Amino acid sequence: MRTELLLGGEWVSKEEKLSVVYPYTGEVVAEVSKASEEDVYKAIEVAKEGHKKLSSLSSYERYEILMKASHILRKRAEEFAKTLVLEVGKTIREARTEVQRAIQTLIFSAEEARRIGGEVIPIDAHPNGKGKVGFYLRQPVGIVSAITPFNFPLNLSMHKVAPALACENAVILKPSERTPLTPLMLGEVMLEAGLPPQSLSILPGYGDVGKAMTMHPDVRVVSFTGSRKIGEIITRQAGIKKVVLELGSNSAIVLHKDGDLKKAVQKTLLGGYAIAGQVCISVQRVFVHEELFDQFLEELEKAVKGLKMGDPMQEDTDVGPMIGVSEVQRVQEWIDEALHEGAKLITGGVSCGDRVSSVLLPTIVSLVPPNTKLYREEAFAPVVVVNPYKEVEEAIQMVNDSEYGLQVGVFTKDIDIAWEFIRKVQAGGVLINEGPNFRADHMPYGGVKYSGIGREGPRFAIEDYTEIKMVIFDLS
């Protein structure tokens with residue numbers, strides 16, 4: 001387990017440290033070197049040379065490096081998974097899934113390295129274009145700053161690092177100060193795979209590091225996944241450069257009266273309580289047609305009470321801890337507010353006790369007023385709100401009654417109703433007969449409104465990490 005920061009391919013130990021805490025027990029599992037603003041400036045200078053070295057490689061050579069990295073990661077998969085449990089608190093099964101997804105993200109990025117091209121533009125379609133031919137190329141921006149959150153420290157880092165490297169950019173990565181271990185291990189993997197060492201820096205640290213990475217004029221793209229609050233700060237700091245933001249949501253499921261109730265319950269269970277609800281596309285709000293409302297609540301309550309909470313290293317644990325006790329307390333306050341406003345607690349709402357007080361019992365709250373935090377804000381917790389509706393248009397309005405718009409799941413057998421949601425719901429993704437928490441790592445992923453700007457997925461990230469260069473020949 002590396003605890004130094006990675007600065008342009010060199011492992012550097014610093015006196016100041018960050019404590020990595022196992023959320024389940026509160027135990028400090030590692031002390032990691034803390035980066036400074038000065039380290040950012042050094043990394044950017046080194047990155048300029050790293051960009052040149054990457055640009056000297058053929059697309060096939062970049063493909064080979066990323067594919068070799070995927071093989072190395074596959075061999076170390078269990079080591080990565082156990083480290084994810086220690087720093088995030090997700091269950092061992094969830095951690096293994098993240099590692100497998102990161103492998104796929106690497107492979108998709110490697111494949112895209114061989115597909116970066118351009119397009120012929122028919123210049124002579126313009127009145128003044130006779131005798132001219134043209135085309136455009138995609139060229140790297142040069143240096144990408146990537147800032148990632150605590151919940152998927154490996155795969156979300158991979159979603160920024162791998163596509164950027166695939167299109168010849170050097171990358172400076174700041175992982176969450178809570179979860180720097182697997183990103184640093186990712187640095188090991190990339191160097192072992194033959195990546196030009198100057199092209200990658202991994203700098204664990206706090207907001208000062210992120211600010212320096214965001215504001216530096218030599219950084220041409222800032223890619224951030226995290227809270228809306230920090231996203232707004234980054235947009236003000238960045239200046240004239242590309243900013244890609246994935247800022248979360250309070251995603252919804254709609255179960256219409258002709259929908260598959262059992263499947264909707266299953267997808268709510270998976271989407272609402274995986275990783276203790278700490279996923280930007282977690283199921284937070286469920287709108288059920290009034291004809292199915294009571295039955296859905298009964299089935300969901302039964303399923304939720306069958307979940308096993310506790311030690312995330314145990315193979316049969318379903319729900320582990322939240323990232324910290326303070327987050328549990330915050331969500332309990334939101335639940336109390338909703339109950340005070342007339343909501344009904346179906347199950348949960350309390351922690352598992354003193355020793356594991358960071359484990360919040362999976363919670364269902366019904367009839368939640370739309371003016372409460374539990375309805376309007378991103379809970380980022382194992383809490384699901386269930387409210388009834390009568391008409392399709394009402395359900396669409398309820399989904400859209402949010403400042404967020406990432407993904408929504410709609411359960412119906414009626415294609416006309418499905419298209420009604422597809423046309424009218426304000427979201428980056430509409431999933432029919434699937435939960436909003438589904439994500440394939442090569443699809444365009446992102447949201448509208450305060451859920452962010454831009455799309456992830458290697459092919460689509462590369463569009464943000466490159467610039468168009470137009471070429472015209474006058475052959476007249």
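Is the crossing of H3 and H4 left-handed or right-handed?

Tutor: The crossing of H3 and H4 is right-handed. A crossing counts as right-handed if the near helix is turned clockwise from the far one by less than a right angle, and left-handed if anticlockwise. Some ground rules come next. This is a predicted model, where local features need pLDDT of at least 70, side-chain atom pairs count only at pLDDT 80 or more, and totals for chains, interfaces and linings use all residues. Residues are numbered from 1 along each chain as its sequence is written, and side-chain values use heavy atoms, with hydrogens and water left out.

Now the geometry. Two packed helices are described by the angle between their axes and the distance between the axes. H3 spans residues 77-88 and H4 spans residues 92-113. Helices here are DSSP runs (H or I, at least four residues), numbered from the N terminus. The axes of H3 and H4 come within 8 Å and cross at roughly 125°. H3 is therefore oblique to H4. Axes are lines fitted to C-alpha atoms, for helices over the stretch in contact, with angles from 0 to 180 degrees between N-to-C directions. Under 35 degrees is roughly parallel, over 145 roughly antiparallel, 65 to 115 roughly perpendicular, and the rest oblique.

Next, the residues. From H3, Ala77, Glu78, Phe80, Ala81, Lys82, Leu84 and Val85 take part. They meet Ile92, Ala95, Arg96, Glu98, Val99 and Gln100 of H4. Contact means heavy atoms within 4.5 Å. By class, this contact of H3 with H4 has eight nonpolar, one polar and four charged residues. Ala, Val, Leu, Ile, Met, Phe, Trp, Tyr, Cys and Pro count as nonpolar, Asp, Glu, Lys and Arg as charged, and the others, Gly among them, as polar.

For a second pair, take H7 (residues 207-215) and H8 (residues 228-238), whose axes come within 8 Å and cross at roughly 40°. H7 is thus oblique to H8. H7 passes H8 in a right-handed crossing.

How values were computed: Helices (H or I, at least four residues) and strands (E, at least two) are DSSP runs, numbered from the N terminus.
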